[in-house]
Amino acid sequence: MTKTRVIAALIMAPVAIAAILLLPTQWLAAAAAAVFLIGLWEWLKLADVEDTLARTVLLVLNLVLMVLIVWADAGTLVLYQIAALVGIGWWLLALLWLRFFTFGAEPGSPARSLKLLAGTLAIVPAWASLVLIHASGDNGHLWLLTALAVVWAADSGAYFAGRTLGRTKLAPRISPNKTWEGLGGGMLAGLLVALVFGWIAGVAPGHVVGLVITTVVAVFASVLGDLYESLLKRHAGAKDSGHIIPGHGGVLDRIDGVLAALPVFALGKEIFGF
């Protein structure tokens, strides 16, 4: 399984990086929409929508919402900024939801409709934030790569630090393997990558503090996204969100942290101007 995971990662990473660096924003937006909507398809199943037709209808409605944002925004990026703010608002509510583990746990629970809404509030703002970062100036592609690299590094750092140093459980009912020590390792890895990639992207010395603040919040947000997906899987009795990626599970398993981190990074970039 480890070998399969490594091989899959070695294939996915260059493809993702090439798309970020080489595709025009409009084409990257389309490619990202396809990936995020696959993640939403898995989210809907975890939210107890078993009927394929119902999931298809919900997926199409979210696609229509993305298309409407592109059409109505007309290149101003204002709607993308609003969507990013909506995403941050949702993840703050999700933090509260994590404190009530059993809320929405029963199949057919009225909270299922909230999980369906949560899917839209997680997927669409993350997609909009990705577009917003990529379209932000000549180095937008490098800043998007920085944002994603921070999440990837934090995830890997947390994994290795948690395995070697992990003692204190972070959220044992939701994700028993996550520890505070792992979070610390992930934070250090994320900050290191942010500084290196930020330097490549051309961050000005006066904006380094803003980049560090944004990175710290984004790493915390990525953990929140990971925990919320784990909550969905616990409620659904599922180990993975899907099986589309060999050795990695589903698409949602790979982008859960990204969904929460991208709106934070987009907003931080707007506020601090790096």
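A residue is called buried when its relative accessible area is under 20%, and exposed when that area is over 50%. The exercises below apply this to a predicted model.

**Exercise 1.** Classify the ring pair formed by Trp 90 and Tyr 228, and state where its members lie.

*Solution.* For Trp 90 and Tyr 228, the ring centres are 5.4 Å apart and the planes stand at 90 degrees, so the pair is edge-to-face. Trp 90 belongs to helix α4 (residues 78-97) and Tyr 228 to helix α8 (residues 208-236), so that the pair links parts of the chain 138 residues apart. Trp 90 and Tyr 228 are both buried. Both also belong to one aromatic cluster, together with Trp 43, Trp 91 and Trp 97.

**Exercise 2.** Determine the geometry of the pair Trp 143 and Phe 274, and the burial of each residue.

*Solution.* The ring centres of Trp 143 and Phe 274 lie 5.0 Å apart with planes at 55 degrees; the pair is therefore tilted. Trp 143 sits in helix α6 (residues 140-165), whereas Phe 274 is in the segment after α9 (251-272), so the contact ties together parts 131 residues apart in sequence. Trp 143 has 4% relative accessibility and therefore counts as buried. Phe 274, at 7%, also counts as buried.

**Exercise 3.** Describe the location and exposure of Asp 48 and Ala 74.

*Solution.* Asp 48, in the loop between α2 (25-46) and α3 (52-73), has a positive phi near 80 degrees. Its relative accessible area of 29% makes Asp 48 partly exposed. Ala 74, in the loop between α3 and α4, has a positive phi of about 55 degrees. With a relative accessible area of 62%, Ala 74 is exposed.

Conventions. Residues are numbered from 1 along each chain as its sequence is written. This is a predicted model: local features need pLDDT of at least 70, side-chain atom pairs count only at pLDDT 80 or more; totals for chains, interfaces and linings use all residues. Side-chain values use heavy atoms; hydrogens and water are left out. Rings of Phe, Tyr and Trp (its six-membered ring) pair if their centres lie within 6.5 Å; planes under 30 degrees apart count as stacked, over 60 as edge-to-face and the rest as tilted. Helices (H or I, at least four residues) and strands (E, at least two) are DSSP runs, numbered from the N terminus. Buried means under 20% relative accessible area, exposed over 50%, partly exposed in between (1.4 Å probe, protein chains only).
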